[in-house]
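Please read it alongside the sequence and the coordinates.

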Amino acid sequence: MEAFKIPTGSMAPTLLGVHKNVKCPNCNWKFKSNHNNTYVKCSNCFYKIHISDNGNRGGSRILVNKFSYDFGKPRRWDVAVFKYPFVDVACMSCGFSSSQSMMCEKCTNSPKIENFLKSKVNEYFKRSFGINQYHKVVCKSCKTVGAIFCEQCGSTNVHVVRKNYIKRLIGLPEEKLQVVNGDIYIDDKIARKPEKVQDSLWVPVFDSNYTAKQEIIENWEVQDGNWDISKEQLHLIKPDGIEQKSYITFKRNITDNSAYNNEITDVVSADVMLAFNVIATGNSGGISILLEENEKVYEVFVRSRGEKKESYVKISGSIVTSNADAFIESGRVCRVEFSNADNEIILKLNDSVVFSHTYDTDLSSLNGYTKSSKLKFGGINTDAIFKNILISRDVYYSETGEWGIYNPVEIGEKQYFFLGDNSRNSNDSRYWKFVPESNMVGRAFMVFWPLRTIKIIK
Ligand SMILES: [Zn+2]
Ligand SMILES: [Zn+2]
Ligand SMILES: [Zn+2]
């Protein structure tokens, strides 16, 4: 076991680099922001907050288990520490700084090992005979010998700094990997996150418990006069007539925006989660959640106890799964949690899964990409009060960098592919390819500092 300190925000919000704590003066929402931001936009109410006076907080400190027979082999979605396959090289002669690969150019991707003994010998020679020290490197596989030297002036009088990185392990040896539409495809199939990992990777977009004093952005849009909207709740008053449906729409675009970075982004995502408490009083009908992605509509209907129709999931009008036992008890509070992530729809009622349905998306052309995404919910033949509304989005792996982006990347033997959770601000395998097995250090399992943030890493 070993302790590490997190220097950057590339794994935020799972792990924090040097950051600022922010409390929005307009809605009281609390969040973390990168330390070099002077202002941020609250992602809950869009209020612009100046944070230059907020003090800097140190990065998370974590405990890491070395990969070994005891703790098992590296697994996909592990948060892991590895030796960064590049070194920082600062020239003592001309002052030039650069980042240099420690992978052998001769036998692609085998790591070069610094020969520290040689450096020490040279230190002795330097003192005795005035010979300059140099960093000798030897390829682990083909044994080619080289040296680290300044890329500008060629001097071997350089200062070399090796770094540990921490990222999420996404691709394993000999897999074909591609980042598409925010998701990960392994050997042409979507890689779904295990439940615990998925639960830890939702990024909050909106929380109705933090109401804005001053309304900067409108949250809700209604199509008819059946809704009574207040700060505390959304009230659907039972529409007159039979089989009357009425929905309210979350007006905002759901994007990969993150308050940690303070960037306004417009990459739309339909990997979202919607949760609320509902009290429905209808004896028939029920409540519905609709997610519209491009021309596709995902609909979940949960019946009231007295409704004869079964609860169901529909995709673009066709029932794909139904459940006779899932219903809402009239007049009682029910926690409803709907999610769509990695091509899987899950519905939970009071923390129990009542639906889980996986589907495929045709991403062979750009038409499969998410261009629009809208969340709606409401009811049929019922009066319903919605409270404690929480909307989140899934981690979105952005298509930046080079490797595994426009084309799949074939991961080599004994090589690993890593990505940061804060995808827009992460220097990871998309930019520099693989981490060799010999650079792997261990699995991060616990944040132990700051004390208030102690948690097991998922
Ligand atoms: Zn706010
Ligand atoms: Zn130089
Ligand atoms: Zn080599």
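In this predicted model, the zinc ion (ligand 1) is coordinated at 2.3 Å by the SG atoms of Cys24, Cys27, Cys42 and Cys45. The 4 donor atoms subtend angles of 104 to 114 degrees around the zinc ion (ligand 1), and the arrangement is therefore tetrahedral. Along the sequence, the donor residues of this zinc ion (ligand 1) follow the spacing C-x2-C-x14-C-x2-C. Because Cys27 lies in the loop between strand E2 (19–23) and strand E3 (30–34), while Cys42 lies in the loop between strand E4 (39–41) and strand E5 (48–50), the pair ties together parts that are 15 residues apart in sequence. Cys27 counts as buried at 1% relative accessibility, and Cys42 counts as buried at 1% relative accessibility.

Distant parts of the chain are linked by the pair of Cys94, in the loop between E7 and strand E8 (97–101), and Cys150, in the loop between strand E11 (145–148) and E12, the two being 56 residues apart. Is Cys94 buried or partly exposed? With a relative accessibility of 36%, Cys94 counts as partly exposed, whereas Cys150, at 3% relative accessibility, counts as buried.

The aromatic contacts come next. A pair of aromatic rings is described by the distance of the centres and the angle of the planes. A search of the whole structure finds 18 aromatic pairs, and two of these are set out in the table below.

| Aromatic pair | Arrangement | Centre to centre | Angle between planes |
|---|---|---|---|
| Tyr84 and Tyr165 | stacked | 4.0 Å | 5 degrees |
| Phe206 and Trp220 | edge-to-face | 5.6 Å | 85 degrees |

The stacked pair of Tyr84 and Tyr165 links distant parts of the chain, since Tyr84 belongs to strand E7 (residues 79–91) and Tyr165 to strand E12 (residues 158–171), 81 residues apart. Both Tyr84 and Tyr165 are buried.

The edge-to-face pair of Phe206 and Trp220 also links distant parts of the chain, with Phe206 in strand E16 (residues 203–207) and Trp220 in strand E17 (residues 220–222), 14 residues apart. Phe206 is buried, with a relative accessible area of 6%, and Trp220 is buried as well, with a relative accessible area of 13%. These two residues belong to one aromatic cluster, which is formed by Phe206, Trp220, Trp227, Phe250, Phe276, Phe377 and Phe386.

Aromatic rings also take part in contacts with lysine side chains. The charged end of Lys48 sits over the ring of Tyr39, at 4.3 Å from the ring centre, and the charged end of Lys309 sits over the ring of Phe301, at 5.5 Å from the centre of that ring.

Finally, the annotation may be set beside the model. An unreviewed UniProt entry lists "domain: Peptidase S26" for residues 59–195 and 410–449. Over residues 410–449, the chain is 10% helix and 45% strand, and the C-alpha atoms at the ends of this stretch are 37 Å apart.

Key: Residues are numbered from 1 along each chain as its sequence is written. Chains are lettered from A and ligands numbered from 1 in the order in which they are written. This is a predicted model: local features need pLDDT of at least 70, side-chain atom pairs count only at pLDDT 80 or more; totals for chains, interfaces and linings use all residues. Side-chain values use heavy atoms; hydrogens and water are left out. Rings of Phe, Tyr and Trp (its six-membered ring) pair if their centres lie within 6.5 Å; planes under 30 degrees apart count as stacked, over 60 as edge-to-face and the rest as tilted. Helices (H or I, at least four residues) and strands (E, at least two) are DSSP runs, numbered from the N terminus. Buried means under 20% relative accessible area, exposed over 50%, partly exposed in between (1.4 Å probe, protein chains only). A charge sits over a ring if NZ of Lys or CZ of Arg is within 6 Å of the ring centre and within 35 degrees of the ring normal. UniProt positions are given in the numbering used here, feature names are shortened, and annotations may be inferred rather than shown by experiment. Donors are N, O and S atoms within 2.8 Å of the metal (3.2 Å for Na, K and Ca); water is not among the atoms, so sites may look incomplete. Four donors count as tetrahedral if all angles lie between 85 and 135 degrees; four count as square planar and six as octahedral if opposite donors are over 155 degrees apart and all others between 65 and 115; anything else is irregular.
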